[in-house]
Amino acid sequence: MLTGGAGLNNIGHWFLDVLPRLHLLRESGLYDEVDWFLVPNTRYSYQTETLELLGIPAEKIITGIEYHHLTADRIIASTAPRGNHTLVPRWLGQYIRDSFLPLVQDEELPASERVPYLYISRSDSAIRNVLNEKELLEALEAYKFKSIVSSKYSILEKIRMFSQAKVVISATGAGLISMFFCKPGTKIIEIFHEGFVIEPFYDIATKIDLDYDYIICKGDKKVHDAAEGQRQHLHVDTDKVVGILEKMRKSSGKKSNVQTV
């Protein structure tokens, strides 16, 4: 049973709460005894892509969407990879990196195709949009940032992009899960709505040796709790973003990851 709550329709939870169960299954010594893998859903390409890349045959996959009730001679189920909290165990990050990064380790992209500075746009989402994204992108243009919509890329494309990134900027959201593919030392700048400040990506960054920073921004209206704040759009203070980039660039005695044009 590769179950995992929001893994049903959220790529972040898919990587945190579903796929790591395969590691637990292998460690148990029971992997080769499995006839069928029950997963929450295979509606989204990232679900089928990752299962295929991990060597799970399509003919051995069944979904909870299709089969609401099952009878089995034996059911193998693991504990939740993150237990009863949101912190990520160190083994989980290592498992994801060990499973996916070798898929592109022998590839050498031409310089024209390398994208060292990434901004993840949430323009494909109905929640937590950056209201002044045009202004932010204009500020980032001087630093050679490329704006991407994460959901438009395949898993392998994301592995290639993020494994070569030097700086990644994004409002908090599932698209940041690709930070698992970043090299140690990559700068991550996470942007929060003041009513929705959460720790999972900071926690992941510390476990895989990324250089993490964050900005807390005003929303377009007041919120009363995180559940409400999670759905609100935000206005990014571009001066704070530029300030972090300039601090990196001018950091004395250190090799900077940021250049200006």
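Begin by selecting Lys240, which is partly exposed, with a relative accessible area of 43%, on the scale where buried means under 20% relative accessible area, exposed means over 50% and partly exposed lies in between (1.4 Å probe, protein chains only). The model on the screen is a predicted one, in which local features need pLDDT of at least 70 and side-chain atom pairs count only at pLDDT 80 or more, while totals for chains, interfaces and linings use all residues. Residues are numbered from 1 along each chain as its sequence is written, and side-chain values use heavy atoms, with hydrogens and water left out.

**Lys240 and its surroundings**

Lys240 is found in helix α9, where helices (H or I, at least four residues) and strands (E, at least two) are DSSP runs numbered from the N terminus. If neighbours within four places in sequence are set aside, Lys240 is in contact with Ile215 and Ile216, contact here meaning heavy atoms within 4.5 Å. For a distance to display, take the C-alpha atoms of Lys240 and Val167, which are separated by 15 Å and belong to residues 73 apart along the chain.

**Across to Ile216**

From Lys240, move to its contact Ile216, a residue of strand β7 (residues 211-219). Ile216 counts as partly exposed because its relative accessible area is 39%. Patches are made of residues with over 30% relative accessible area and no salt bridge, nonpolar side chains (Val, Leu, Ile, Met, Phe, Trp, Tyr) being joined within 5 Å and like charges within 9 Å. The accessible areas come from the Shrake-Rupley method with a 1.4 Å probe, and for residues only the protein chains shown count as cover.

Side chains of opposite charge can pair when their charged atoms come close. A salt bridge is taken here as a side-chain nitrogen of Lys or Arg within 4 Å of a carboxyl oxygen of Asp or Glu, and by this rule the count comes to 8 salt bridges. Return to helix α9 (residues 238-250) and select Arg249 with Glu246, which lie 3 residues apart, about one turn of the helix. Their closest N and O atoms are 2.7 Å apart in a salt bridge. Arg249 is partly exposed at a relative accessible area of 33%, whereas Glu246 counts as buried at 16% relative accessibility.

Next, select Asp211 and Lys187, whose side chains meet in a salt bridge (3.5 Å, N to O). This pair links distant parts of the chain, with Asp211 in strand β7 and Lys187 in strand β6 (residues 187-193), 24 residues apart.

**The negative patch**

Now select Glu135, Glu138, Glu141, Asp237 and Asp239, which form a negative surface patch. Lys and Arg count as positive and Asp and Glu as negative, with His and the chain ends not counted, and the place of a charge is taken as NZ of Lys, CZ of Arg, CG of Asp or CD of Glu. Helix α5 (residues 133-141) gives the most to this patch, with 3 residues. Glu141 is in helix α5 and counts as exposed, at 57% relative accessibility.

**Ser150 and helix α6**

Go on to Ser150, in the loop between β4 (146-148) and α6 (155-163). Ser150 counts as buried, at 8% relative accessibility, and beyond its neighbours within four places in sequence, it is in contact with Ile120, Lys158 and Gly175. Lys158 is one of the buried residues of α6, which also include Ile155, Ile159 and Phe162. The buried residues of α6 pack against several elements, among them α1 (11-18), α3 (45-53) and β5 (167-171).

**Last stop: helix α2**

Finish at helix α2 (residues 20-28), whose buried residues are Pro20, Arg21, Leu22 and Leu25. What covers them includes α1, β1 (37-39) and α4. After α2 comes Gly29, whose phi is positive, near 85°.
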